[in-house]
Each structure stands twice: as structure tokens, then as C-alpha cells.
Amino acid sequence: MTHTETPLAACPSQSVAPPSRPGSARPDLAGPAASQSPVAPAVDPILRVENLKVHFPVTQGVLFKRQVGTVKAVDGVSFTLNRGETLGLVGESGCGKSTTGLAIMKMLPASDGRILFDGEDLAGFKGQRQKQFRRTVQMVYQDPFASLNPRMKVRDLIAEPLEVHGMAGDRQAVQTRVSELLDMVGLLPYMADRYPHEFSGGQRQRIGIARALALEPSLIVCDEPVSALDVSIQAQVVNVFMELQRTLGLSYLFIAHDLAVVRHISDRVAVMYLGRIVEIATRRQLYASPLHPYTRALLSAVPVADVETERRRQRIVLKGEVPSPMNPPSGCRFHTRCPMAMPQCHSDDPPLRDRGDGQMVACHLAE
């Protein structure tokens, strides 16, 4: 029997924010950020990415393979993530967001560049240091069902990381820890004896979050964690992430394509296009005064709750298709679709530059 999403108000713990108000598809995510939005943390980088490149060779042939090209999925990405901060990483499908997250998790090899965690280069992590890194950096995946073993009970799914890293203790200690984790994500302790298929999508994602929290990480990479959920449940899960950050001091790299979700949860936002970051700004800067034409186009597609405002505002419709990452355009990679492209954009690749107050943009127009 499949159970429906448990309302947050019905949970015994008050550690999560209340669910969305009935009668509105996404009241907590649309429009201006809620008053519960994260407070900007002090500048203390927990993660630094410098000129990261992740390239995949394209080969032909069965017996004698030969390389015929290279897919430049991530091609020179740089950013920092401060301790206790949420950095939203947004862009269209195929722009390299998830590949960036997997490279940070060391689940994909970097072709070039550096990834520093707490000031240490991940390339030098071996043996025990590698295992320690796996414990302090966790990931929450997009599909909450595919990421959970359907043959294991919830208790065993959450306890598994503790056993792998030698932190399980006796049976009673494990049961206590599992109950604590379920309570932290808004689920009831008795649910530990059920299987993943007995839960709704939102509840399964909460189980995935509890599993990620088991080892007490300091950084969580969230790869589109609410995109597979119904819009009526997304706000509840986002509120769980935010409350956990407030109570545990977590840092998030929040990968998403839904700008309404990103606006609600992020302190800063990085916009990716075709393997590169084109703009980085605080949440308020980006949504109030975006500088890059691509960012403006993305924001113009975000629905507004007010009917009259939605009817009056102008949308920017990008023409053409996203170029192939095997053969990206010369100059600015966005110039083939940019409605404001200049001759300079066809030949000169604009660097990511600070335009004041930490807002960085890679665009000739911003100069």
C-alpha cells in the first residue's frame, strides 16, 4: 500500500517549516523570497572550484577505436562556496550542472582545474583521506526512488553509511540514530520498518536526505532534489533543507533548473550555459538586476503569481538550439542565440569579471 505525503504539521517534531498553504500551487516559492530565507554567512570558503574542466572523448569503431571529438561538458568553471551558504547552480538541461556536482563528489574525473575542499586539493585525496572526504561531503539525488535500494527497509538504508564508515555502534544505538534522523526530516520513527515503495515521492526524498545526514556531513551536493516531485510537495522538501541548514550549519551546492525554487533557498546563484558560468550574484542582485542576456531570458520565463503582472510583462524567447558541446561557438558561447549580440561577441570570449558588490558576469554588454 502506498502512503500519501505526511503533512509536516502532523509530525511530532517542529524542526521543519509548515507546508504550503492550500489553494496555491507554490506560494512559498513564487514571488519574493520568504522572510525565512537563509542569512548570508561570513566569508569562509568550504569549497573552491578553479577552472574546472570535465571533457569526455567521443570514439568510433569497435575493435580499433579512434577519437573523433571531445564533449566539453564543463569547460572552465570557477566559483567558491562559503561555509553555511547555499549556492544555487542553474541553467538549461545539458549545460553541465550535474557534471560539475559529480566532479566535486569525485564520481567523475576532472580533465583539468582544481577542486579544493577546506583548502585541500581533492586530487591528492587517497586512502583514509578519501574515506574521510566521502563522510563529510554527501549527495542528494534527483530521483528519490532510484537512489534507494527497494529491497532494503528504511532502517537499513539509513544505517548502511554508518556501518560502512564504522560508526554504527550496537543495535540500540543504530535504532536511536535512525529515529533521530527520521524525526529531523519530518518522518515518524515507526516508518523505519517500511520499504521505499510504501512511501510517496516526497517522503522518499526525505529518506534520501536522512541517509545523507547520517554521517554528519558539512557539505551536501543537491542534484535537482525536488524536480521529480509534485509542485505541491516541493515547498515542503525545500523547507526541510532550509531548516536543516539553520540547525546544523550545512553548506549546499543546490543544482536546479527551477528558478523559483532557487530564489527561495539560495544565498547566491551561479548561472551556467554550455559548460561555463556566465553570471554569479547574490539572490537579490540576480533577481532584481540581472546583467547577462541569458539570465534575463531565464528569469522572464519564471511564472508570476499575480495575473495582471504576468499578462503585462515581456518575455524573452531565445531563438535557435543550444550548440553542441562538442563544437561550441567561438567568442561568447551565447552569441548564436543572444538577441543583443555584437560583432565583438563572435570573436572575443568574455571573461567572468566583477561588476561591483560581488556580482560577476561574462558579457561584453556589461562593460
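Helix α1 (residues 97-104) is mostly covered, with six of its eight residues buried, where buried means under 20% relative accessible area, exposed means over 50% and partly exposed lies in between, all with a 1.4 Å probe and protein chains only. The buried residues of α1 are Lys97, Thr99, Thr100, Gly101, Ala103 and Ile104, and the helix is followed by Lys106, whose phi is positive, near 65°. Helices (H or I, at least four residues) and strands (E, at least two) are DSSP runs, numbered from the N terminus. This is a predicted model, in which local features need pLDDT of at least 70 and side-chain atom pairs count only at pLDDT 80 or more, while totals for chains, interfaces and linings use all residues. Residues are numbered from 1 along each chain as its sequence is written, and side-chain values use heavy atoms, with hydrogens and water left out.

For the protein chain as a whole, the secondary structure comes to 11 helices and 12 strands, and buried residues make up 49% of its 367 residues. Contact here means heavy atoms within 4.5 Å. Of the contacts in the protein chain with a separation of 6 or more, 68% are accounted for by residues 24 or more positions apart.

Just after α3, Gly166 takes a positive phi of about 65°.

How are the axes of α3 and α5 set against each other? Helix α3 (residues 154-164) and helix α5 (residues 201-213) pack at an angle of about 30°, with their axes 7 Å apart, the axes being lines fitted to C-alpha atoms, for helices over the stretch in contact, and the angles running from 0 to 180 degrees between N-to-C directions. That angle makes α3 roughly parallel to α5, since angles under 35 degrees count as roughly parallel, over 145 as roughly antiparallel, 65 to 115 as roughly perpendicular and the rest as oblique. On the α3 side, Val154, Leu157, Ile158, Glu160 and Pro161 meet Ile207, Ala210 and Arg211 in α5. By class, this contact has six nonpolar, no polar and two charged residues, with Ala, Val, Leu, Ile, Met, Phe, Trp, Tyr, Cys and Pro counted as nonpolar, Asp, Glu, Lys and Arg as charged, and the others, Gly among them, as polar.

The packing of α3 with α4 is at an angle of about 105°, with the axes 10 Å apart, which makes α3 roughly perpendicular to α4. Here Val154, Arg155, Ile158, Ala159 and Leu162 in α3 meet Val174, Gln175, Arg177, Val178, Leu181 and Leu182 in α4, and the classes come to eight nonpolar, one polar and two charged residues. In the loop between α4 (171-184) and α5 is Glu198, which counts as buried because its relative accessibility is 18%. Glu198 and Pro150 are 48 residues apart in sequence and 9.9 Å apart in space, C-alpha to C-alpha.

Helix α5 also packs with α6, at an angle of about 20° and with axes 10 Å apart, and the two helices are therefore roughly parallel to each other. Their contact is made by Gly202, Gln205, Arg206, Ile209 and Leu213 of α5 and by Ile233, Gln236, Val237, Val240, Phe241, Leu244 and Leu248 of α6, and by class it has eight nonpolar, three polar and one charged residues.

In soluble globular proteins, nonpolar side chains tend to be buried together. A nonpolar core is a set of buried Ala, Val, Leu, Ile, Met, Phe, Trp, Tyr and Cys residues joined through side-chain atoms within 4.5 Å. The largest such core has 66 residues, and those with the most contacts inside it are Val185, Ile209, Leu213, Phe241, Leu244, Val271 and Tyr294. Helix α6 (residues 231-248) gives the most to this core, with seven residues, while a second, separate core of 30 residues includes Leu87, Ala103, Phe125 and Val221.
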